[in-house]
Amino acid sequence: SEAKAVFSVIGMTCSACAGSVEKAVKRLPGIREAAVDVLNNRAQVMYYPSFVNEETIRETIEDVGFEATLIK
Ligand code: 9UX
């Protein structure tokens, strides 16, 4: 089954920032889709909980250089 997580992502100032977050998240195992909205500071991720969890996704966003908080 599939789950959805929404993160607040602070510090993205351009669409290339959003692109690097999307790319990093999509490289994780168990990700179905990642969509990053730079204007609203949001990242929405559809994932398979058997393979990856919200904290791993959150830490991956932080590793790219942005502050990420799970909001949903
Ligand atoms: Mo360009 Mo966005 O260096 O922070 S990727 S501004």
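What percentage of the 72 residues of the protein counts as buried? In this predicted model, the share is 25%. The legends below describe the views in turn.

**View 1. Overall fold of the predicted model.** The protein contains 2 helices and 4 strands, and these elements follow the pattern β-α-β-β-α-β along the sequence. Along the principal axes, the C-alpha atoms fill a box of roughly 35 × 20 × 15 Å. The radius of gyration is 11 Å, which agrees with the value near 11 Å that a compact globule of 72 residues would have. Of the contacts between residues at least 6 apart in sequence, 59% join residues at least 24 apart.

**View 2. The largest nonpolar core, which has 16 residues.** The members that touch the most other members are V9, V21, A43, V45 and I61. At least two residues of this core come from each of strand 1 (3-10), helix 1 (15-27), strand 2 (31-37), strand 3 (42-47) and helix 2 (54-64).

**View 3. Surroundings of V9, a member of the largest nonpolar core.** Leaving aside residues up to four places away in sequence, V9 touches V21, V36, N41, R42, A43, I61, F66 and A68. Among these partners of V9, V21, A43 and I61 are also listed with V9 as the core residues that touch the most other members.

**View 4. The residues around the ligand.**

Methods: Residues are numbered from 1 along each chain as its sequence is written. This is a predicted model: local features need pLDDT of at least 70, side-chain atom pairs count only at pLDDT 80 or more; totals for chains, interfaces and linings use all residues. The radius of gyration is taken over C-alpha atoms; the globule rule is 2.2 Å times the number of residues to the power 0.38. A residue is buried if 20 or more other C-beta atoms lie within 10 Å of its own, exposed if 12 or fewer, and partly exposed in between; C-beta atoms are placed from the backbone. Two residues are in contact if their C-beta atoms, placed from the backbone, lie within 7 Å. A nonpolar core is a set of buried Ala, Val, Leu, Ile, Met, Phe, Trp, Tyr and Cys residues joined through C-beta atoms within 7 Å. A residue is near a molecule or strand if its C-beta atom, placed from the backbone, lies within 6 Å of it.
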